[in-house]
Structures are given as C-alpha cells and as structure tokens.
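Welcome! Have a look at the chain below, and then we will walk through some of its features together.

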Amino acid sequence: MIKLISFDLDDTLSDSTFDNLIWYTEIPKAFAKERNVSFDEAYKTVTEEYKNLWGKSKGNWRDAGFWLKHFGLQTTWEDLINILHKEIKHFEDVDEVLTVLSKKFTLVIVSNAERKFIDAKIKCGNLGKFFKKIYSASSDFNKKKKDAEVFQKVLFDFNIKPEEMVHIGDEEEYDVKVPKSIGIKAFLLCRKGDKPADFRNLREFTIALEKEVSS
C-alpha cells in the first residue's frame, strides 16, 4: 500500500525561470557591475567557473551564496531575491493536485536544489502546508545529485518500505532510475512533451495513482 509520495521540485512543481535568471543573468550582472566589465565578459567568466567547479565543490555548487563569495561580490542572496521573487512560479496544476493528494498520503519533496532556492519557492506559493518534510540533496547531504542514500533516508525517517513510497520528477536518471534501484516506484514527468515520459502533468499522475490505489 502506498503511504508516501515524493516530488522533485524544479520542472515538476516549479518552473526553472527563477533559477536560470539567478545563474545566467543576475550573478553575471552583479559581477559586471562590481568588476566594471561588460556583461558579455562577466557572463563568460562566471559560466566558465561554474563548469570548472562542477563536481569539485559538491553541494556548494548549487548555492548562489557560495558563488557570490567565490567571486568576491558584495551582492547578497537577499538582493537577488528582492530582484527576482516575482519570477518564482509554480505550475498551474500544483495547488489542486497537492490539495487532493495531501488528504490521502504523506507528501515530501526530494530535490537537488539548494535549501535557499527551495525555501524561496515554497514560501512564494505557500506550499509548505502540504509537505511533512523537504530534502535537499545539496544542502542536507552535500551531494551534486540525489542518490540512493537520499531516498533511503526518506524511507528511514518515515519507517516505511520501498514499495510504500512513490517518487515523481523530470530527470530519468535521478528521479526514476535511482529510486527504482532500491525498490521505490518512480515515474518520469515531462511537462514540455518533448521526450518519452510516464506523464505530461500532475493531473495525469494523480488519476493513475488513484486508479492503482483503488484496484
């Protein structure tokens, strides 16, 4: 029997516009302003350094605060939030689906995102009321991506068996293959419809889940 449903965050509950603007617009803009260089030069320097440190700084790689300090900038995370908070958006089916599912199942988030990004998005949509716990692979486990250990921690925290948990997300490797490797039911979501997936939106997922539970 399914007891717990786990959701990825980015491109599952929330779109990535906010994140992309942080990484590829606002941090380069701050770098350009404070270093007195062109945006193009700043963009090249910043994005090359992202690539250089991928895999070397583990969870810190996803922390905007880490990068602001790394580049020696005076701009803060709070400054970025003040500029971009209106760009945080959740998909239109999210509130409806979470309202329905939270009445029948325990809900959690298991995300690669860093804690500050998660907190900003959860606060924006007042989504916290739906979730019993939120796991950040980068902040809580210092990992680049969620792995079996992250999902095993969820099972341990809620004292459930793998077959009592379902996970859904948009990355085949980390949202499907990894949880399935330890016996968790997992489904691939593709909202753009540009690749094979189990579901195109969370309403389809909910309908399929309810059919399985009632059968």
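Does lysine 146 count as buried, partly exposed or exposed, and what is its relative accessibility? Lysine 146 counts as buried, at 0% relative accessibility. (Buried means under 20% relative accessible area, exposed means over 50%, and partly exposed is in between, using a 1.4 Å probe and protein chains only.)

## Before we start

This is a predicted model, in which local features need pLDDT of at least 70 and side-chain atom pairs count only at pLDDT 80 or more, while totals for chains, interfaces and linings use all residues. Residues are numbered from 1 along each chain as its sequence is written, and side-chain values use heavy atoms, with hydrogens and water left out.

## The sheet

Let us begin with the strands. Five of them form an open sheet in the order β3-β2-β1-β4-β5, with parallel pairing.

Which strands stand at the edges? They are β3 (133-136) and β5, and each has a single partner strand, so one side of each is left without a neighbour in the sheet. From one strand to the next, the twist averages 20°. (For such angles, axes are lines fitted to C-alpha atoms, for helices over the stretch in contact, and the angles run from 0 to 180 degrees between N-to-C directions.)

Valine 110 has tyrosine 135 in β3 as its bridge partner. Valine 108 also lies in strand β2, and this valine 108 counts as buried at 0% relative accessibility. Valine 108 and phenylalanine 131 are 23 residues apart in sequence, yet 5.0 Å apart in space, C-alpha to C-alpha.

Now find strand β4, residues 165-169: five of its five residues are buried. Both faces are covered, with Met165, His167 and Gly169 on one side and Val166 and Ile168 on the other.

Strand β1 (residues 4-7) pairs with β4 in the parallel sense over four bridges, and leucine 4 has methionine 165 as its bridge partner in β4. β4 also pairs with strand β5 (residues 185-188), again parallel and over four bridges; here the bridge partner of glycine 169 is leucine 188. Between β4 and β5 the chain crosses through helix α9 (residues 172-181), in a right-handed β-α-β crossover. (Right-handed means that, with the strands pointing away from the viewer, the path from the first strand over the helix to the second runs clockwise.)

## Salt bridges

How many salt bridges does a search of the whole structure find? The search finds 20. (A salt bridge is a side-chain nitrogen of Lys or Arg within 4 Å of a carboxyl oxygen of Asp or Glu.) One of them joins aspartate 8 to lysine 146, with the closest N and O atoms 2.9 Å apart. Aspartate 8 lies in the loop between β1 and α1 (17-35), and lysine 146 in the loop between α7 (137-141) and α8 (148-158), so the pair ties together parts that are 138 residues apart in sequence. Aspartate 8 is buried, with a relative accessible area of 4%.

Another pair is lysine 29 and glutamate 26, whose closest N and O atoms are 3.6 Å apart. These two are three residues apart in helix α1, or about one helical turn. Lysine 29 counts as partly exposed at 41% relative accessibility, whereas glutamate 26 counts as buried at 9%. A further salt bridge links glutamate 204 and arginine 200 (2.8 Å, N to O). Glutamate 204 is partly exposed at 22% relative accessibility, and arginine 200 is exposed at 56%. Finally, salt bridges that share partners join Asp8, Lys146 and Asp175 into one network.

## Two asparagines in loops

Asparagine 36 lies in the loop between α1 and α2 and is exposed, with a relative accessible area of 69%. Its phi is near 60°, a positive value in a residue other than glycine. Asparagine 126, in the loop between α6 (115-125) and β3, has a positive phi near 50°. At 48% relative accessibility, asparagine 126 counts as partly exposed.

Technical notes: Pairing = 2+ DSSP bridges.
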